[in-house]
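Subject: Structure handover and findings

Hello,

Here is the structure I said I would pass on. Please have it open while you read the notes that follow.

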Amino acid sequence: MSMDVRKIQVTGGSSYMITLPKDWVESVGLRKNDPVNVQAQSDGSLSVYPSSPSPAGRSVKVIDVDGVNDTTLLYRELIGAYIAGHRSIMIVSSGRLSSTAVSTAGAFTQITIGLEITEEDDSSLTMNDLMDPAEMRPWKSLDRMKVLVRNMMSDVMEALGTGDLTRIESMGGRDQEVDRIDWLISRQVSIFQGDVALANKLGIDLIEMTRCYAASRIIERMGDHTVAMAKNTRILHKGRADPVVCRNISEIGMDLQELFLEAVGTLSTRDIVSANECIKRCEKAVDRVKDINRMALGLESDSAVAVTAIAGSVRRIIEYSIDLSELSINAAMY
C-alpha cells in the first residue's frame, strides 16, 4: 500500500482528527464504530492498528510442486514459508502429488515446531500452525539454544581430551534441534513484525525481538562450528593423534565454553562493563588459537588438517562471542 498524505482537521475546537484510508479499513475488516488502537512510537510516529488481530495478518502460502523435481529446493521453500510466518502452508499439484513431495512435507513437519499436517488428498496437502501465539517467548527459546550449544561444546572437548567418542554420537540430532529453535525464533519475528496488534497485545517489544533474532543466528552458527569440531575430533582419534595435543586443545576448548556462556549471559544482564570485559578476554583468547595451529606441526597429514580445522572453528566461536557481547552493549545503550 502506497503512502497516503492526510491533513489534520480540528473538531469541537479541541480535538484533532484525520480520516483513515478506505482500502486499509476494508483490508483489515474494520467497520463503523469498531475500536482501533493508537500508539505513540519513540521516533515521534503514530501506529494505528485494529484492536483484534486481523485473520488476514497470517496468510496461507501455496507452493505449486508441478515441475519441482529437486527435493532440496522444495525443502528450502518449505523452510522459507515457515520462517515467513504463514499460518498455513499448502503444497498442490495439478495431478496427483508425488510420493516424494508428500514424504518431504512429512519430514519437514517432524522437525518444525508447531506445524502439523491437517488436511491431505490426492492433489494437495495442508500444514497448519497449531501453536498458540501467547506461548511464543523468543528469549526462552534462546535460553534453550544456549543450553544445547553449551552441552555440545562440553561434550566435544571431553571427547577430544579423553577419546570417548560416544559423547558426540548424537551431535547431528542436537544440531538439528538448535536449527529448529532458530527457525522458530525467525518465524516469531516475522509473525510479530507483520501483526503489530498481536505483538502489542502480548507485550512483545519488536526491537527486542530483532535483537533476539540476531543473537539466535549467531548461536546457531556457533552450533555449526561445534559440529565441525566433533567431525574433526573423530578424524584425530581415528588417526591416533598425540594424546597430549588432544588434551591441550581440549583445555583451550573448555575455556572457550566459559567465554560463550559469559557472552550469552550479558544479553540478559545488559551489563556494559561485563560485556566489555568479555570482549577483552575473547581478544586474548584469539592468541591461543595460534597455539593450536602450532600443535599441528609434525602431525600426520590427516591429523594436521583436523587440528587446523578445529583451530579455525575455535577462532570463529570466539569471534561470535565478541559479536554477542557487542550486541549486549548496543542493547544497553538503547
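Two strands are said to pair if DSSP finds at least two bridges between them. Helices (H or I, at least four residues) and strands (E, at least two) are DSSP runs, numbered from the N terminus. The model is predicted, so local features need pLDDT of at least 70 and side-chain atom pairs count only at pLDDT 80 or more, while totals for chains, interfaces and linings use all residues. Residues are numbered from 1 along each chain as its sequence is written, and side-chain values use heavy atoms, with hydrogens and water left out.

Strands

Strand β7 (residues 115–120) pairs with strand β8 (residues 124–129) in the antiparallel sense, over five bridges. Three residues sit between β7 and β8 in this hairpin. One of the bridges joins Glu120 to Leu125 in β8.

Surface patch

A nonpolar surface patch is formed by Leu20, Val36, Val38, Leu46 and Val48, which together have about 390 Å² of accessible area. β3 (36–40) and β4 (46–50) are the elements that each give two or more residues to this patch. Patches are made of residues with over 30% relative accessible area and no salt bridge; like charges are joined within 9 Å, and nonpolar side chains (Val, Leu, Ile, Met, Phe, Trp, Tyr) within 5 Å. Accessible areas come from the Shrake-Rupley method with a 1.4 Å probe, and for residues only the protein chains shown count as cover. Val36 is found in strand β3 and counts as partly exposed because its relative accessibility is 32%. On this scale, buried means under 20% relative accessible area, exposed means over 50%, and partly exposed lies in between (1.4 Å probe, protein chains only).

Salt bridges

Side chains of opposite charge can pair when their charged atoms come close. The structure holds 16 salt bridges, each being a side-chain nitrogen of Lys or Arg within 4 Å of a carboxyl oxygen of Asp or Glu.

Glu208 and Arg270 form another salt bridge, at 2.2 Å from N to O. This pair also links distant parts of the chain, with Glu208 in helix α7 and Arg270 in the loop between α8 and α9, 62 residues apart. Glu208 counts as buried because its relative accessibility is 16%, whereas Arg270 is partly exposed at 30%. The loop that holds Arg270 runs between α8 (243–269) and α9 (272–295). Phi of Arg270 is near 55 degrees, a positive value in a residue other than glycine.

In the salt bridge between Glu319 and Arg315, the closest N and O atoms are 3.2 Å apart. The two residues are four apart in helix α10, so about one helical turn separates Glu319 from Arg315. Glu319 is partly exposed, with a relative accessible area of 23%, and Arg315 is partly exposed at 36%.

Asp155, Arg167 and Arg174 are linked in a network of salt bridges.

Another positive phi

Asn33 is not a glycine, yet it has a positive phi of about 75 degrees. Asn33 is found in the loop between α1 (22–27) and β3, and it counts as exposed because its relative accessibility is 72%.

Two buried residues in helices

Thr233 is found in helix α7 (residues 206–238) and counts as buried, with 1% relative accessibility. Leaving out residues up to four places away in sequence, Thr233 touches Val156, Ala159, Leu160, Leu165, Ile168 and Ile310; contact means heavy atoms within 4.5 Å. The side chain of Thr233 also reaches the backbone oxygen of Met229 at 2.8 Å. The C-alpha atoms of Thr233 and Phe192 are separated by 41 Å, and the two residues are 41 residues apart along the chain.

Ser325 lies in helix α10 (residues 301–332) and counts as buried, at 0% relative accessibility. With residues up to four places away in sequence again not counted, Ser325 touches Ala263, Thr266, Ala275, Cys278 and Ile279.

Regards

Definitions and conventions. Polar contact = N/O pair within 3.5 Å; in protein donor to acceptor, adjacent residues only side chain to side chain.
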